[in-house]
Structures are given as C-alpha cells and as structure tokens.
Amino acid sequence: MKTVADLKALREKLQAEMQVRSDSGTKVVVGMGTCGIAAGAREVMAALLDEIAKRKLQDVHVEQTGCIGMCEKEVLVDVIRPGEDRITYGKVKPSDAAKIIGDHVVNGKIVQELVVGRIERQKK
Amino acid sequence: MMQDTRIRADVLVCGGTACSASGSQEVMKRLREEIAKKGLSEEINVVKTGCHGFCENGPLVIVYPEGTFYVRVKPEDVPEIVEEHLYKGRVVERLLYHEPTTGKSIPTYKEIDFYKKQKRVVLSKCGAINPEKIEEYIALGGYEALGKVLTTMTPEQVIEEVKKSGLRGRGGAGFPTGMKWQFAHGAKGDKKYIICNADEGDPGAFMDRSVLEGDPHAVLEGMAIGAYAIGADEAYMYVRAEYPLAIKRLEIAIDQAEKMGLLGNNIFGSGFNLKIHIKKGAGAFVCGEETALMASIEGRRGMPRPRPPFPANSGLWGKPTNINNVETWANVPQIILKGADWFRSMGTEKSTGTKVFALTGKINHTGLAEVPMGITMREIIFDIGGGIPNGKKFKAVQIGGPSGGCLPESMLDTPVDYDSLTKVGAMMGSGGLVVMDETTCMVDVAKFFLNFTQSESCGKCTPCREGTKRMLEILNRITSGQGTETDLVVLEDLAKTIKVSALCGLGQTAPNPVLSTLKYFRDEYEAHIKEKRCPAGACEKLAQYFITEDCKGCGLCARNCPVHAITGEPKKRHVIDQTMCIKCGTCMQNCPFKAITKK
Ligand SMILES: Cc1cc2nc3c(=O)[nH]c(=O)nc-3n(C[C@H](O)[C@H](O)[C@H](O)COP(=O)(O)O)c2cc1C
C-alpha cells in the first residue's frame, strides 16, 4: 500500500464482504419451512444468490424464514426494498430468480404475475 | 482473499477471553463442521470476533443478516442452530436471550436493555469484526484517519483537533490528552517515544483487555497518529503477561499492518516511520504508574520516581515520551475522522465522549458497557446492569478500583464525569465498577481494597509502605471486634497524611476506599467498635450464635462444641456462653432441628 487512494480502493473492495452484517439495503426472504424445502426452496435460494453474485449487487441480503402457512403457494419469496411495501411472491421457480432480482430488486418494478401478497410498509 | 458475494450469512462467535473460557472455541469448531455437513460452507461464513460485553451470557453467537442474538450456546446446541436457523430459517427460540424481569425472549441485540442505553464508540467494532483480519478493520474505514493526518495535516493541526475534542486520559487521572501531546511535541530531542499503557491492574477491570482483543488496530492506529503528532518513530505497548490473547492479537495486528505498509517505514509515502514493540509486564499494580512502567520497559525494577521531570521531557531512556491508556488511544482515530465537534457532542462540557465500564460484583449483567459521560450511576447499574440479583437491596458501588471510592444509594444520581465523581470522594479511575448489596460489610470492603494496595506497594516511600500497613492493622482489629474509638481517629489521620505524602498515585489514592466508607458508612464502623456487631452480618469474628426456642435439648451442639461453650439440661433449651464462643459454627452445622441462628 503506497497511498491513501490505495487504501480507499481496497476498502471499497472489502466492504462487499462485510455487507451481510449491515442492516441497510434490500432484503430477499426465502421461505424455508419443510414445505418450502420440499417445493425446491433451496434451489430457488441458490439461484437468487447466484443472480446477486453475477450482478455484483452489494446492498442486498438474502434471509430465510420458516413456514408462514401458505404451503400450497411455496416456494415463497419476499422482497423488501427500503421504504417500500413487502411483496410476497409465490410458486417461485429457480428460473424466476433473474426476473425477481433484475426487475424488482434492482429496478423496483414488481413482477406482477408472481405476486401473492403485499404487506404495507410499517410506519414508525 | 476477495470472497464471493454468494455468502448470504455471517455467523459471529465471540472469541473474547470470557466467552473462550466458557467454550466458544468448541462452539465455533462445531459450527464449521455442521455447516460443512449440510453443504452450506459456500454460503455461510463463521467469524471469530472480540468481546460483545455481555459476558455473563456467553458464549455468544450472532447470526447475520438477521442479527439474531443467541446466548449461552453450547456445542450440543450447534446442530439445532444449523439445521433450524441456517438451513430452514427458523430462529431457535430457546437459545435467545430472555429478559429476566419479563421472561420475554429478545431476538436481536439492539433490543436488549443492556445495549439500549449504551453508546458504543470505542467498542463499536468489538464483536463486529474479526480482530485477526486487518481487512475487516479496513472495510470499516480503518487506517483512513492515519492516512488523513499523514497526507493532509501538520502535527500542530492534529494536536489542535485532539485538544478541541476535549478528550481526557481514560487511564485514571483524566489529564487532557491534547495538552499532553503538546508538551511532548514541544520537548527538545531528536528521539521521542510513544507508550500505550495496557497494564490494567485494577481488580475487576477488563475494559482495556477487551479493546485489545476485539479491535487491536484501533489502538495501533491511534498510537501512530500520536507518534506523528509528537514526532516519535518508536512505540511500546506495555501489556500484562496475564493477557495472552490480547498479546497474540496485537502481534498479529502489528504484523499485518507492517505487511500492508500501514506501520513501518515511509507510511503512505509521507516519510513518517513507526516501529511498535510489545513489552510484557509481570502484572504488578504499581507498574501501571507511568514512571514505574518506563523503568520496567528499561529493564529495571518497576518503581515510581518523583515527577517532575515529567515523561514529556524525560521519559523512556531519558527521552521525551508520551504515554496514554488503551482506551484513550482507541478514541483517537474516530476523533480525527469524524471531527472534534462530533466527539464533543457526546458527554458533558468538561468530560467529553464516552467511557467503558466493567460491571462486576452483585449485579445482574456483569460485563462491559460503554456509556456517554454524564449518565448517572443509577442508569448504569439499574437500566444497563439490570440491578441487583436475588431480590437484594443495593448498598454501595466502588468506582475507580482500589484508588477510588465507595458511593452509597444517596449518591446514585451523581453524573458520571471526572469532576463530579472526584467531588463526591470517588474517581473515574480506569472504569471498574464493583456493585455491593446489603450483605456486604463496608468495613470489610475497605479492608479488601487496602489489603490489595498494601501488598502491591513497592516499598520505596515510607508513607505508603508503613502507613498502609498500619491502616490495615487497624481495619483488621475493627473487623475482629478489637477496635477502639481512638482507632477511628488514628485511621482517619493516617489516611489523610498518606494521601498528601506518598510518592506516587498508588499511595496517594490508597486511603480513598477507607475515607469514602468513613464518610458514607461511619455508622457501620461504629457498630463494629461500640457494639461489637457487624450490621451486614459479614464479619465472621463478630457473628453471634443463638439457640432458639426450637431447641429440643438433644445435646448434640454441646457435645460438638470444641470449647465447651454450650450448656443445658437434657430435653431443655441450651444456651451459648458468648464470652467463650469462638464463632466456629460447628454447633449450627450439627443441630438437627435448625435451632441455632447467627446474627
Ligand atoms: C498505581 C497506579 C496504577 C496505574 N495503573 C494504570 C493502568 O493500569 N493503566 C493505565 O492506563 N494507567 C494507569 N495508571 C495511570 C498512569 O500513571 C498514567 O497516568 C496513564 O497511563 C496516562 O494515560 P492517560 O492520560 O491516557 O490516562 C496508574 C497510576 C497509578 C498511580
């Protein structure tokens, strides 16, 4: 390391690794109940993670949640962009991952044909 | 070393001394194994961090991105965490922290009362990063403050900023840091030194250890900034040898920083050089005193010398030297990055910023807490510390370690700042807080601390060497029922004399626990002397044993009494002759009817 600019460049590169620990950004939540896993939730999650990695998105977290009781609609994926409503997608297949990430997470355009629920943003 | 952004979760395991002692290394090993077994190694990182401060609930495991906070995790719990949480996304409810008063489970750590009132500045990275990876420190802005001073600021500007911040020494006395730097900066000499005091000798204190273990680079970066400001090119970390983990992390940190060119020669191409050495101390309390500490680094016996000359003019090997405490150094990079005004916005007018306290004794949450200066003692003990366990009543808090004082309930609303604490007879000290409940005898507490300073006295000056010994003898007499009213007068007289005549801070402050307990708990001393009674029931030798009406006259007590102090007719209530009783308690242990009480 020779200059302060080198340090800043290194920092930007390293920040991505620590992103998981920050609580900002968009959350993508995959339903991982027994029903979800049986319906292919792990494959969907892998596809989502791959898509995020491919696009080098930094401010996106993938979380998991348990069964929420809409088992026939599994695999369920929620997308929560900061300050926006929580959108729930149902019957998600790995092939839908690119669309959910590309349209909704990146561009804020909801993938209407997959939506099964919408929860209004909590006002604090 | 760049990792794939496919990582979706970080599992942080506390690797501080306390959590390691309760088995966190095993937990971490098990986590890695179970995660691999499930085929999740590609998407989940396991990270060893420094201390989170919530030590009594360790080992701690935090799962991100959710921030789920698991407490008291045992290796056996790991498969469930991996299967349920990491694989299926279901929080393991039973391992969450449960608020003791409500029994409610708390999912993430920001919501726990212990953390709510804290202001974590010095500890902001402790527990959040892996202290053995310089990359994680850099990712959060590490070494940018050093870059800033070396490339855009003159030493004078650095000193000015630190002065403006109002930062005062966190090692005890609270001397303004910027002013100290200015003295060393202005001192004549071509060779100057920087020292970090990590001797941390107060019983019950572990703030500095946790900072060194959890965020070693912050301390190194602070020292480098200070070295630039005063014109030093060599520095010493003086760490007690009982802190092996802190030493290991420091060695790793120095090595990584040197390899990256952040320490060593010509840092950031500025021409500034710094070599940092680690010196292990043998753990004598007096070696925390700056002149004794320097003697110890030089390889001489650790004894204080009179000041002046102050270290700023004649320190290590007679050269101008600036010495600061671990926590003081750790504040410096953030002051440079965020500015003096940001720092001043926390705390009070004359005590700016935050202070880390180690909470110990009779308190629900033992651990580390960082609070803004000016908060009250009551808030620290009750809101953050969770109050006194087992439904007992608060009695006193010793603040400032063996050099500090004991404050009673009526002083709990005193703001925690340097000047207010000194005014009420205690002191900030390094940040040890020992909480006592109603079962603690205050004379006994004074004796405990004086016993500590007396045995740690280096013996160089008479007031400390002889004076503390005489004081201790008096306290021993009082707690064993042999004290007289003249003893109290002599005790107070000695205390005041030693305070003004001892050579160094050790002797000058050793009488404080006695003076403060005399001030706030004089009635307890008097009860010991006049009534031969210990109101807290703690002093064994003053205890009195009585036989109650429940006595069936079986005679077992009388037969077992080693001094034949118990008499009575068969089948009738027996009595103890108090003048013969040696308070051994054998009668009480042998009574099958629980008919003997102690008062
Ligand atoms: C008996 C005695 C023990 C001390 N122990 C420590 C210690 O463990 N750590 C510490 O930082 N300062 C300790 N000090 C204070 C140091 O002498 C010195 O004031 C301090 O390191 C200065 O740093 P600061 O201005 O950053 O607080 C001790 C002082 C005395 C008299």
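The side chains of B:Glu84 and B:Lys88 meet in a salt bridge, with N and O 4.0 Å apart; the term stands for a side-chain nitrogen of Lys or Arg within 4 Å of a carboxyl oxygen of Asp or Glu. B:Lys88 is buried, at 13% relative accessible area, where buried means under 20%, exposed over 50% and partly exposed in between (1.4 Å probe, protein chains only). Shared partners link B:Lys38, B:Glu83, B:Glu84, B:Lys88 and B:Arg90 into one network of salt bridges.

Elsewhere in chain B, B:Lys572 forms a salt bridge with B:Glu569, the closest N and O atoms being 3.5 Å apart. B:Glu569 counts as exposed, at 51% relative accessibility.

## About the model

This is a predicted model, in which local features need pLDDT of at least 70 and side-chain atom pairs count only at pLDDT 80 or more, while totals for chains, interfaces and linings use all residues. Residues are numbered from 1 along each chain as its sequence is written, chains are lettered from A and ligands numbered from 1 in the order in which they are written, and side-chain values use heavy atoms, leaving out hydrogens and water.

## Where chains A and B meet

Let's turn to the interface. Here 42 residues of chain B are in contact with 34 residues of chain A, contact being heavy atoms within 4.5 Å. The area buried between the two chains is about 3,300 Å², and carbon and sulfur atoms give 58% of that; buried area is the accessible area (1.4 Å probe) that two parts lose on being put together, summed over both.

Four salt bridges are found across this interface. In one of them, A:Arg11 pairs with B:Glu144, with the closest N and O atoms 3.1 Å apart. A:Arg11 is partly exposed, with a relative accessible area of 24%, whereas B:Glu144 is buried, at 10%.

## Helix H3 of chain A

Helix H3 of chain A covers residues 41–54 and reaches 20 Å from its first C-alpha to its last, close to the 20 Å expected at 1.5 Å a residue. That expected span is 1.5 Å times one less than the number of residues. Helices (H or I, at least four residues) and strands (E, at least two) are DSSP runs, numbered from the N terminus.

Of the 14 residues of H3(A), 10 are buried, so this helix is largely enclosed by the rest of the structure. Among the buried ones are A:Arg42, A:Met45 and A:Glu51. The partners that the buried residues pack against include helix H4 (97–106) of chain A and H3 of chain B. A:Lys56 follows H3(A) and has a positive phi, near 55 degrees.
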